[in-house]
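Open the model in your viewer and keep the selection tool at hand.

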Amino acid sequence: SIEVLILGNNALQGELPASIGNLSTLQLLDVGSNEMTSAIPSSFANLESLKYVVLESNRFNGPVDVLESMKNLTVLLIRSNSFSGTLPEELFSGTSDNIVVDIGDNKFVGDIPVSFANMSNLVSFIGAKNSFADTATQTAVCDNTTLLVMDCDACECCEVCCDGGENAAVCDFQLDAPAVLGYDCGTWFQFCLYQAKDFAQITAY
């Protein structure tokens with residue numbers, strides 16, 4: 001059984017195969033910093049064990065509604081893509097573990113889900129460089145989140161925000177996946193041995 005799949009920074013192209021949904025024991029998926037395209041396949045709904053998702057710095061697009069079914073999801077790093085639509089209301093509703101989110105530099109719209117205001121375990125939320133509605137962020141989200149980075153017009157309660165002016169550096173702030181997940185050939189060191197050539201074989205399970 002496969003629990004970890006780390007294939008970041010491998011110049012991978014094409015789509016995430018639907019067969020990835022067959023990896024029912026998968027807990028960590030990292031295909032960040034590649035050249036992958038398309039929407040998240042609907043088969044992601046089968047990945048009930050998935051806790052950590054890293055899709056950042058690719059060319060993925062479309063909504064992220066399928067993530068709502070992942071009740072163990074705690075880390076979501078998907079910045080610098082073209083994901084769009086609204087954030088699912090029940091996203092992260094199934095876990096009491098600390099939640100870390102970086103969805104910056106996408107095309108999300110609407111409000112931050114009301115449910116986020118009740119999450120005392122929302123540690124980090126990076127959402128700048130999107131198209132969220134004005135005042136999309138509730139005050140409770142500001143109060144409960146240790147690290148919150150949003151566009152200024154989408155967050156009246158943010159002490160520091162992205163306005164494209166003096167705080168331009170804030171707009172590009174991002175979380176480092178290896179540091180967040182502790183697998184920079186450290187805790188997960190044995191899985192750093194996976195190579196891009198294994199991708200087709202592993203996901204064809």
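Start by selecting T95, which is buried, with a relative accessible area of 15%. Here buried means under 20% relative accessible area, exposed means over 50%, and partly exposed covers what lies in between, using a 1.4 Å probe and protein chains only. This is a predicted model, in which local features need pLDDT of at least 70 and side-chain atom pairs count only at pLDDT 80 or more, while totals for chains, interfaces and linings use all residues. Residues are numbered from 1 along each chain as its sequence is written, and side-chain values use heavy atoms, with hydrogens and water left out.

**Around T95**

T95 sits in the loop between strand 8 and strand 9 (99-102). Helices (H or I, at least four residues) and strands (E, at least two) are DSSP runs, numbered from the N terminus. Which residues does T95 contact, leaving aside its neighbours within four places in sequence? Select K71, L73, T74 and N121; contact means heavy atoms within 4.5 Å. Next, show the backbone nitrogen of D97, which lies 3.0 Å from a polar atom of the T95 side chain. Then pick the C-alpha atoms of T95 and M119: they are separated by 9.9 Å, and the two residues are 24 apart along the chain.

**Aromatic rings**

A pair of aromatic rings is described by the distance of the centres and the angle of the planes. Rings of Phe, Tyr and Trp (its six-membered ring) pair if their centres lie within 6.5 Å; planes under 30 degrees apart count as stacked, over 60 as edge-to-face and the rest as tilted. The count by this rule is four aromatic pairs.

Select F60 and F83. Their ring centres are 6.1 Å apart and their planes are at 15 degrees, so this pair is stacked. F60 belongs to strand 6 (residues 59-62) and F83 to strand 8 (residues 82-85), so the pair links distant parts of the chain, 23 residues apart. Both F60 and F83 are buried.

Move on to F116 and F125. With ring centres 5.8 Å apart and planes at 80 degrees, this pair is edge-to-face. F116 is buried at 1% relative accessibility, and F125 is buried with a relative accessible area of 1%.

**Disulfides**

How many disulfides does the structure hold? There are four, a disulfide being a pair of cysteine sulfur atoms within 2.5 Å. With the bonded cysteines of the protein chain numbered in sequence order, the pairing reads 1-4, 2-6, 3-5, 7-8.

Select C142 and C157, joined with an S to S distance of 1.9 Å. The link is right-handed, with 70 degrees about the S-S bond. C142 is buried at 16% relative accessibility, whereas C157 is partly exposed at 25%.

Go next to C152 and C161, whose sulfur atoms are 2.0 Å apart in a disulfide. The torsion about their S-S bond is about 95 degrees, so the link is right-handed. C152 is partly exposed at 24% relative accessibility, and C161 is buried at 11%.

Finish with C162 and C171, bonded at a sulfur separation of 1.9 Å. This disulfide is right-handed, with 100 degrees about the S-S bond, and both of its cysteines, C162 and C171, are buried.

Notes: A polar contact is a pair of N or O atoms within 3.5 Å; within protein, one must be able to donate a hydrogen and the other to accept it, and residues adjacent in sequence count only if both atoms are side-chain atoms.
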